Amino acid sequence: MVIVMSDHATQDDVQRVIAEVERRGYQSHPIFGDTRTIVGVIGWKPNENHLDHFRSLRGVDDAIPIAKRYKRTHRHFQPERTTVSVGGVEVGGSRFVMMAGPCTVETREQTLEAAHGVKAAGAQILRGGAYKPSTSPYDFQGLGVEGLRILREAKQATGLPIVTEVMSPAAVEVVVEFADLLQVGTRNAQNYDLLKAVGQTQTPVMLKRGWASTIEEWLLAAEYIIHEGNPNVILCERGIRTFETATRNTLDLSAVAVLKHETHLPVVVDPSQGTGRWHLVPALCKAAVAVGADGLIVEVHPRPEEALKDGAQSLRIDKFQRLMKELQPFIAAAGWTS
Ligand code: PEP
Ligand code: MN
């Protein structure tokens, strides 16, 4: 941390700040400039209370943290990239990963048809929500455990590992029995009890970005999971809320570039929730590959017009097949092993 004294600070003010720094067990390193003095604080660990305390002292203009608040997710602390194994599929490894399937498990037939379709097109992981967070209580809430059983059957039929959402700490125990990858959704992205609960398992977690989360808040949420003992975290950019209404959310692809710079964790992109429109999904998939994502998660439904949820953003199976073909040159150009 660096404490910046104001132009009018007196020698006494500076001495008091130094005394306060040392009283807290830190070393002080003052630099006396022509008009201003700054005091470097050595040994300070991110602590908002101390920051506020120093800001409140007489003659202090600001106290600026230098250390990042996230430690386990930052590349300074782990230069090598994390690879997360999802039922044998490596995310963040040498191959680009495609996750696909219905938004929601609606029926056995619909899920199996989607699973076979996405598998034939080349997807490596099957998505599907059994517990659905709905904005309205009158919308379909998912089939619950019955949905998990259907996903298990789809996994047995296709060999695809499963990613599915867990909405509450109480449901973690049952969902881990079925899931290869636990999805924490945007509405739960800062539900710290849930983050702790999934952190106490060893099942990989895909943490969606909260629709109003800054990248720092998102990484701190990931930090909760890792801090509890589960290092298997994948970050998923799914769009944030902005003033724009032409798309359901604003897919923040710059976040992918920032994360690749800041963190060792794999990053995937969800252009389905990101755009809310199936016809925009392929373009954003290509852009996500180009910006450095490690994978994609895409909603695919055998008959989107009949979908109980998110039909407008779901690709038909034939369109998904075409997308997989169109993506190949982009994936190759980005340097992924085919
Ligand atoms: C979903 O994947 O269907 C979903 C609800 O995602 P999000 O939490 O990003 O809205
Ligand atoms: Mn959805």
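## A parallel pair of strands

Strand β8 (residues 125-127) and strand β9 (residues 162-165) run parallel and are joined by 2 bridges. Within this pairing, R127 stands opposite V163 in β9. The model described here is a predicted one.

## The barrel

Strands β8 and β9 belong to a barrel that 8 strands close, in the order β7-β8-β9-β10-β11-β12-β13-β14. The pairing in this barrel is parallel. On average, neighbouring strands are turned by 25° against each other, with direction ignored.

Helices pack on this sheet. Helix α6 (residues 192-199) touches β10 (181-184) and β11 (205-208), and the direction of α6 makes about 170° with that of β10. Helix α11 also packs on the sheet, where α11 touches β7 (97-101) and β14. The direction of α11 makes about 170° with that of β7.

## The manganese site

The manganese ion (ligand 2) is coordinated by C103 (SG), E299 (OE) and D310 (OD), at 2.0 to 2.5 Å. Along the chain, the donors of this ion follow the spacing C-x195-E-x10-D. E299 lies in strand β14 (residues 295-299), while D310 lies in the loop between β14 and α11 (317-333), so the pair ties together parts that are 11 residues apart in sequence.

Is E299 buried or exposed? E299 has a relative accessible area of 1%, so this residue counts as buried, the limit for that being under 20%.

## The open sheet

A separate description applies to an open sheet of 4 strands, which has the order β2-β3-β1-β4 and antiparallel pairing. β2 (27-32) and β4 (60-64) stand at its edges; each has a single partner strand, so one side of each is left without a neighbour in the sheet. Neighbouring strands here are turned by 20° against each other on average, direction ignored.

Strand β1 (residues 2-5) pairs with β4 in the antiparallel sense over 4 bridges. M5 stands opposite V60 in β4. Helix α1 (residues 11-23) packs on the sheet and touches β1, β2, β3 (37-42) and β4; the direction of α1 makes about 155° with that of β2. Helix α2 (residues 48-56) packs on the sheet as well, touching β1 and β4, and the direction of α2 makes about 160° with that of β4.

## Domains

The domain assignment of the protein gives domain 1 (2-64) and domain 2 (84-333). The centres of domain 1 and domain 2, taken over C-alpha atoms, are separated by 45 Å.

Note on methods:
Residues are numbered from 1 along each chain as its sequence is written. Chains are lettered from A and ligands numbered from 1 in the order in which they are written. This is a predicted model: local features need pLDDT of at least 70, side-chain atom pairs count only at pLDDT 80 or more; totals for chains, interfaces and linings use all residues. Side-chain values use heavy atoms; hydrogens and water are left out. Domain bounds come from an automatic or database domain assignment. Two strands pair if DSSP finds at least two bridges between them. Axes are lines fitted to C-alpha atoms, for helices over the stretch in contact, and angles run from 0 to 180 degrees between N-to-C directions. Contact means heavy atoms within 4.5 Å. Donors are N, O and S atoms within 2.8 Å of the metal (3.2 Å for Na, K and Ca); water is not among the atoms, so sites may look incomplete. Buried means under 20% relative accessible area, exposed over 50%, partly exposed in between (1.4 Å probe, protein chains only).
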